[in-house]
Amino acid sequence: MEQRIAVVTGANRGIGLEISRQLAQLGIHVVLTARSAAKAAMGCQKLKDEGLNVAYHPCDVTDVTAVQILRDFIKKNYGAADILVNNAGVMLDPKGGSASEMSPDVLHNTMATNVYGPAMLCRALVPLMKEKSYGRIVNLSSGLGQLSESGRGTPAYRISKTALNSFTRTLAAELTDTNILVNSMCPGWVKSDMGGANAPRTLAQGAETAVWLATIGDDGPRGGFFRDKQPLVW
């Protein structure tokens, strides 16, 4: 079977690195990305030291040129990207932030990474997926993006994840007649730099559903939102 190629953004540490690890353990060749080439290289080396087949490339997902350079690198070296995991994300709200006092800069910068970045990555890599008639796109969202559970606090982050879920549904509908499956998932509250030391879930638990969606068969879900492989109410 032809080896699959996966691109995982924000993969130098945390959930992104763990997703990369689990995909590579399945025999998938993973290209890790991070804003800094040095950080991407460090994450890559950790997995290489475990005997895994991975590579790296720098990519600031908010930079159109950087995304285009990544696409050109993938096309030149691999011909296509079979899997895209849009993991890179930020939470810039001050603790207990207020929607009525939200900084325009915080909102803009949050949207740039959490929404515009995944959209640009899809714009760059979906054409390569179409050439091979195969693709799996996983957008890392959050339960804070559920309109059904919407509440106070972290407004910019909540808005960005709701928008990412909407983008997931829109792109999935657009690609209905292709073998490119697009879904989003919530890793839950995970011990990471973002989640903090008090989070109850491990990185492995947080990554599991993303890996499942990245490797589902052709009859898998489209435009869904999942946690622990179970659908979430939007």
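This is a predicted model: local features need pLDDT of at least 70, side-chain atom pairs count only at pLDDT 80 or more; totals for chains, interfaces and linings use all residues.
From α4 (104–132), the residues involved are Val106, Leu107, Thr110, Met111, Asn114, Val115, Pro118, Ala119 and Cys122. From α5 (155–174), the partners are Ala156, Tyr157, Ile159, Ser160, Lys161, Ala163, Leu164, Phe167 and Leu171. By class, this contact holds 14 nonpolar residues, three polar and one charged.

Helix α1 spans residues 14–25, and helix α6 spans residues 203–214. Their axes lie 8 Å apart, and the helices pack at an angle of about 55°. The two helices are therefore oblique to each other. The crossing of α1 with α6 is right-handed. On the α1 side, Gly14, Ile15, Glu18, Ile19, Gln22 and Leu23 take part. They meet Leu203, Ala204, Gly206, Ala207, Glu208, Ala210, Val211 and Ala214 of α6. The residues of this contact divide into nine nonpolar, three polar and two charged.

Cysteines were considered next. A disulfide is a covalent bond between the sulfur atoms of two cysteines. The count of disulfides in the model is zero. For Cys59, the closest cysteine sulfur belongs to Cys122 and is 12 Å away, which is too far for a bond. The cut-off for a disulfide is 2.5 Å. Cys122 is likewise in no disulfide, and its nearest cysteine sulfur is that of Cys59. Cys59 has a relative accessibility of 3%, so it counts as buried. Cys122 has a relative accessibility of 4%, so it also counts as buried. Cys122 is also one of the α4 residues that meet α5.

Ser133 is not a glycine, yet its phi is positive, at about 55°. Ser133 sits in the loop between α4 and β5 (135–140). Thr154 is not a glycine either, and its phi is positive at about 40°. Thr154 is placed in the loop between β5 and α5. Its relative accessibility is 16%, under the 20% cut-off, so Thr154 counts as buried.

Note on methods. Residues are numbered from 1 along each chain as its sequence is written. Side-chain values use heavy atoms; hydrogens and water are left out. Axes are lines fitted to C-alpha atoms, for helices over the stretch in contact, and angles run from 0 to 180 degrees between N-to-C directions. Helices (H or I, at least four residues) and strands (E, at least two) are DSSP runs, numbered from the N terminus. Angles under 35 degrees count as roughly parallel, over 145 as roughly antiparallel, 65 to 115 as roughly perpendicular and the rest as oblique. A crossing is left-handed if the near helix is turned anticlockwise from the far one by less than a right angle, and right-handed if clockwise. Contact means heavy atoms within 4.5 Å. Ala, Val, Leu, Ile, Met, Phe, Trp, Tyr, Cys and Pro count as nonpolar, Asp, Glu, Lys and Arg as charged, and the others, Gly among them, as polar. Buried means under 20% relative accessible area, exposed over 50%, partly exposed in between (1.4 Å probe, protein chains only).
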